Amino acid sequence: MAVGKNKRISKGKKGGKKKTVDPFSKKDWYDIKAPSVFSVRSVGKTLVSRTQGTKIASEGLKHRVFEVSLADLQNDEDQAYRKIRLRAEDVQGKNVLTNFWGMDFTTDKLRSLVRKWQTLIEAHVDVKTTDNYTLRLFCIAFTKRRPNQVKRTCYAQSSQIRQIRRKMTEIMINQASSCDLKDLVQKFIPEVIGKEIEKATTSIFPLQNVFIRKVKILKAPKFDLGKLMEVHGDYKEDVGVKLDRPAEDAQMEGEAEAVAA
Amino acid sequence: MFTARKKIQKEKDLEPTEFEDTVAQAFFDLENGNQELKSDLKDLYINSAVQLDIAGNHKAVVIHIPHRLRKAYKKIHVRLIRELEKKFSGKDVVLIATRRILRPPKKGSAVVRPRSRTLTAVHDAILEDVVYPAEIVGKRVRYRLDGSKIIKIFLDPKERNNTEYKLTTFSGVYRKLCGKDVVFEYPITENA
């Protein structure tokens, strides 16, 4: 059967496509913009193929997730161990507007916190913010040695651990359900929730290294452009400043025309 | 080698510069003057010495020593540095072993390039030499958004007291020698 035979052993394309098309020549660069809660707004660039037929460039660009270190977003090297995930939500001109999509710790920081002779306490909770984002927050804490402690270990009793976990979830729920996503992100950056937990649990057992180590977004509300623009503010298209044409140029143009003619 | 004033120095076909002469002279004085270092310094010589300017009006003296004598130098490192810093007051002294870097062999050349002659291996070894007696406990490379790299080095807090004031000097020296930005930190929890 002649139909459908040219699967693998093609006759060696002599005189076929000699010029391989460079795929990158058909792509465009876009700037990634971070929400206004962060101090450094311009995060990088991405590529996407140009709009071709039914395949629209902005659709291909829309749900991309970028993971950026907080040190790059805030220009602060002390927070280099936190990573923020930003999801592209809208495309405006050459700018891709993103919104918060999650937070994570770098693995080396997490591994460096875990040590022997202390208790690790973890808690996680699902919370809904006021603007209908459902998040899962993970908290981690370690027991602390007292400054005059002689005993080698500083373990907490199981009942204390359970009490601490309850306090953690209580505080996380309170903090998250009372504000919307934008305010919550502003709380994550300076680690406010961690400090709250640390203060509240001193009566149970002194803790150290209390962090919200991971934030996942489980459910996001339907895409709302107004909300996104609130977080972003307007971006003026960088068209450049209009310069006055100097007088000599007019003369040179006249000469060029004469030569051409 | 051990001629009148050109003792403790050796270079291949090159005349030692003035600065190197002063460094060699300091070595010679130490050997003859200082009783405790006398026996140790007897067979030791240096390859060359360079003076670097570090940001913050500081100067550093980088002394290159032959690779073979590294172990002997390490034994007396702390005392030697103390004496040399007294001689060159205000300047930090760093000892580095001379290591050869070979370029990656071209296609078709049969020469094997040992790993120890590789650029990365030599740079790592230079870093270790620079921060002696503090030990390197960990390394992290941070890639910034624009693609630039910072290398973060974690040092053992045991030798914190006698190396902490020199950290900027170490960064400057490493930057001059290898062209990479280095930041030093002491990890908060020391015990492994």
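Predicted model: local features only at pLDDT ≥ 70, side-chain atom pairs only at ≥ 80, totals over all residues.

1. B:E85 sits in helix α3 of chain B, which covers residues 70-87. Is B:E85 buried or exposed? Its relative accessibility is 17%, so B:E85 counts as buried, the cut-off being under 20%.

2. Now the interface. Ten residues of chain B are in contact with eleven residues of chain A. Between them the two chains bury about 780 Å², and carbon and sulfur atoms account for 39% of that area.

3. How many salt bridges are there between chain B and chain A? The count is four. One salt bridge joins A:E77 to B:R142, with 3.0 Å between the closest N and O atoms. Three residue pairs between chain B and chain A are in polar contact, with both residues at pLDDT 80 or more.

4. On the side of chain B that touches chain A, the elements giving two or more residues are β4 (136-143) and β5 (149-155) of chain B. The most comes from β4(B), which gives three residues.

5. By residue class, the side of chain B that touches chain A divides into four nonpolar, two polar and four charged residues.

Technical notes. Residues numbered from 1 in each chain as written. Chains lettered and ligands numbered in written order. Heavy atoms only, no water. Contact = heavy atoms within 4.5 Å. Buried area = accessible area lost by both parts, 1.4 Å probe. Salt bridge = Lys/Arg side-chain N within 4 Å of Asp/Glu carboxyl O. Polar contact = N/O pair within 3.5 Å; in protein donor to acceptor, adjacent residues only side chain to side chain. Helix = DSSP H or I, 4+ residues; strand = E, 2+ residues; numbered from the N terminus. Nonpolar A, V, L, I, M, F, W, Y, C, P; charged D, E, K, R; others polar. Buried < 20%, exposed > 50% of the residue type's maximum accessible area, 1.4 Å probe, protein only.
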